[in-house]
Amino acid sequence: MSQVEKRAGLLRRTSSSKKPLKEKVVLMYDEIFAKEDPAKNNPRFWDELFLMKVNLEYLESKLESVDGEEVQRIQDNINSLFHHCVQALGEEHQIKVVNALQTLCALFRGVHQKNKSASGFDIINMLMGFDKAEQRMKDLMERLDSLLCGDGSESLKSLCLKLLLCLVTVTDNISQNTILEYVMINSIFEAILQILSDVSSRGQHGYDAVVLLALLVNYRKYESVNPYIVKLSIVDDEPTLDGMGMVVHQALTEYNRQYKDKEEENQGGFFSTLTSMVGSMFIADADEKLSVQTNEAILLALYEAVHLNRNFITVLAQSHPEIDIATTPTPPTRPHPQHHLAPLMNNPELPLDPNLQTSNLLITFLKYASIVMQDTKDEHRLNSARLCLIILTCIAEDQYADAFLHDDNMNFRVNLHRMPMRHRKKAVDKNIPSRPLVCAVLDLMVEFIVTHMMKDFPMDLYLRCVQIIHKLLCYQKKCRIRLHYTWRELWSALINLLKFLLSNETTLLAKHNIFHLALLVVNLFNMFITYGDTFLPTSNSYDELYYEIVRMHQVFDNLYCMVLRVSTNTGQWKEAASKVTHALVNVRAIINHFNPKIESYAAVNHISQLSEEQVLEVVRSNYDTLTLKLQDGLDQFERYSEQPKEAAFFKELVRSISLNVRKNVSLNTLSQDVLLKEFSTIS
């Protein structure tokens with residue numbers, strides 16, 4: 001049957017001369033759209049309607065085609081249809097329940113599609129009658145809650161969640177969906193938690209439940225008290241929190257696996273040979289081919305859990321064997337990314353190999369972040385990268401998370417993805433050492449700093465990166481944790497960043513306040529200079545810090561000249577540049593103190609080029625005469641706050657997620673034939 005015939009509800013033509021016949025259900029829909037009450041001449045009209053297979057396309061298109069005057073004329077019938085749909089949800093006959101759920105979805109979508117400019121109150125009035133709306137929605141939510149929490153069919157539960165996702169995403173801006181006020185009053189929060197806490201239901205419905213919760217939490221979150229925010233913030237039930245973490249973990253693991261598969265696919269064959277033959281000129285194209293659609297919805301769910309619920313932090317750290325999803329049997333038509341993994345992840349009898357690498361949600365998240373943060377040119381990836389950094393900001397501020405990150409007894413090998421670059425070799429996975437997780441976070445920050453110095457400079461992401469590093473250093477200083485990390489890589493990355501800012505001053509200043517970023521970077525060095533002896537692993541590390549500053553003194557000298565020039569002229573950056581001038585006082589003191597000593601040592605010993613060890617010797621023997629100023633507030637930072645700074649970002653992000661969910665929540669994908677087959681034995 002063609003798409004046009006389907007929308008029109010036509011059956012196949014019996015012969016060329018006869019008019020095509022309409023389905024019975026379509027004729028019944030036409031009666032609803034007539035002025036008369038359809039049950040007037042047929043008292044069993046509504047009973048019969050819900051026994052018919054729903055024609056979603058016809059019903060939605062019919063609703064969309066109704067003009068203003070007709071709406072008034074048929075409103076009673078639409079209200080009646082809504083009312084009988086809700087009543088049918090309480091029926092024992094499962095086919096009626098299925099058809100009622102699908103009809104409700106068509107109603108919500110069709111009415112909103114037609115009346116995009118109408119107020120929420122007008123839409124409520126058209127759907128259910130404003131005077132009866134409260135009772136109708138109360139009945140609807142109670143019945144959906146019963147279906148979700150009952151022992152009924154899993155397909156039915158899936159359909160209930162699809163209906164709720166459909167309802168939540170009918171408007172582009174979730175906060176303009178007035179019907180959701182009733183979803184706030186008649187909460188289904190407990191039903192969502194029940195799905196997440198149960199191993200079986202989580203495997204089948206966890207993904208939809210988590211996305212639904214993430215969206216509901218964002219309904220008018222800044223304008224009124226949202227009960228879903230309040231309830232999520234106080235959940236302390238371990239199985240529920242673990243369940244939520246498991247769903248997020250499995251969705252991110254699936255993304256990482258897909259990316260790895262594409263990467264391996266691209267490394268073999270003709271394309272790889274061609275690339276190696278003509279150098280690396282195709283690297284950008286190769287990277288483009290590797291893009292896998294990002295999953296902002298699941299990332300938003302992770303953010304809300306980390307941001308709102310302190311108990312969830314423990315879930316990030318829970319270890320389990322790292323299982324390669326690719327080795328697990330996959331059904332031909334895979335539903336949600338986590339479904340086929342559920343039995344493995346929740347099996348307590350899983351044999352543990354002592355040599356098997358363990359993983360946790362945080363490791364999986366860091367791997368995901370290392371992929372999406374590679375390419376930030378695409379808007380979705382930019383949003384994902386920003387959200388990843390916001391999540392890491394929240395983690396870096398949490399005392400429990402910091403304790404876990406720095407725990408020397410909990411070491412992991414974290415294979416982060418690195419952007420292909422011409423001047424460096426591809427890292428070999430086996431060479432990755434087992435270290436505390438904070439090392440992987442720092443590696444991720446260094447990797448981002450090194451790989452994103454480009455014309456379209458992602459200033460916001462750089463600021464977040466540097467602030468995350470600062471927060472981790474503050475914790476190390478406070479707790480006197482001597483982390484064995486390759487600090488020189490970080491120092492080198494930061495100095496190269498300053499060099500980039502200097503080289504592109506004019507271009508960057510047209511769009512950004514580069515002095516704020518420069519100040520943060522210089523203050524990271526001040527943090528190492530002032531407190532490094534309390535958290536650097538050895539005294540040799542402290543010597544190496546001075547060596548790097550002296551070795552790269554030209555960058556700091558040029559920075560000082562630039563900020564001095566800007567701060568002595570009148571202009572919009574005068575004050576910002578002045579702050580950097582003051583922040584450079586100790587860096588300049590080190591350079592001005594050691595450079596003459598090094599030159600003198602070289603002259604006395606008749607050496608034209610000093611080795612690193614010789615410079616370090618000069619540094620060690622001249623600390624005593626170095627005078628530094630004590631700078632206040634280096635170990636202080638402003639704590640993360642979503643409002644007002646991030647409110648606009650989350651509003652746009654939720655809009656984008658909502659549009660994507662709406663596009664993908666197609667009730668036709670549930671295959672009504674499958675549902676009906678499942679219920680065919682139930683009368």
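1. His 606 counts as exposed at 75% relative accessibility, where exposed means over 50% relative accessible area, buried under 20% and partly exposed in between (1.4 Å probe, protein chains only). This residue is found in the loop between α31 and α32; helices (H or I, at least four residues) and strands (E, at least two) are DSSP runs numbered from the N terminus. The phi of His 606 is near 55 degrees, a positive value in a residue other than glycine.

2. The model is predicted: local features need pLDDT of at least 70, side-chain atom pairs count only at pLDDT 80 or more, and totals for chains, interfaces and linings use all residues. Residues are numbered from 1 along each chain as its sequence is written, and side-chain values use heavy atoms, with hydrogens and water left out.

3. A positive phi, near 45 degrees, also belongs to Arg 220, again a residue other than glycine. Arg 220 sits in the loop between α12 (199-217) and α13 (227-234). With a relative accessibility of 19%, Arg 220 counts as buried.

4. The peptide bond that runs from Gln 643 to Pro 644 is cis, and its omega is near 5 degrees. Pro 644 has its place in the loop between α32 (612-620) and α33 (647-664). As background to these backbone points, most residues other than glycine have a negative phi, and most peptide bonds are trans.

5. For the chain as a whole, the secondary structure comes to 34 helices and 4 strands. Of its 683 residues, 55% count as buried. Contact means heavy atoms within 4.5 Å; among contacts between residues at least 6 apart in sequence, 77% join residues at least 24 apart.

6. Two packed helices are described by the angle between their axes and the distance between the axes. The axes of α20 (residues 361-372) and α21 (residues 379-397) come within 9 Å and cross at roughly 145 degrees. Here axes are lines fitted to C-alpha atoms, for helices over the stretch in contact, and angles run from 0 to 180 degrees between N-to-C directions. On the α20 side the contact includes Leu 362, Phe 365 and Tyr 368, and on the α21 side it includes Arg 381, Ser 384 and Cys 388. By class, this contact has 12 nonpolar, 1 polar and 1 charged residues. Ala, Val, Leu, Ile, Met, Phe, Trp, Tyr, Cys and Pro count as nonpolar, Asp, Glu, Lys and Arg as charged, and the others, Gly among them, as polar.

7. The structure holds 5 cavities of 30 Å³ or more. On a 1 Å grid over the protein atoms alone, a cavity is a set of points where a 1.4 Å probe fits but cannot get out, and lining residues have an atom within 4 Å of a point. About 60 Å³ of space lies in the largest cavity, a volume being the space filled by probe spheres set on the points. Helix α23 (residues 437-451) gives the most to its lining, with 4 residues. The lining includes Ser 370, Met 373, His 417 and Glu 447, and its residues divide into 4 nonpolar, 5 polar and 1 charged.

8. Two further residues are noted. Asn 595 lies in helix α31 (residues 585-604) and is buried, with a relative accessible area of 17%. Leaving aside residues up to four places away in sequence, Asn 595 touches Val 550 and His 553. Lys 116, in the loop between α6 (94-114) and α7 (120-128), counts as exposed at 61% relative accessibility.

Definitions and conventions:
1 Å grid on protein atoms, 1.4 Å probe; cavity = no way out; pocket = protein on both sides within 12 Å on 5 of 7 lines; lining within 4 Å.
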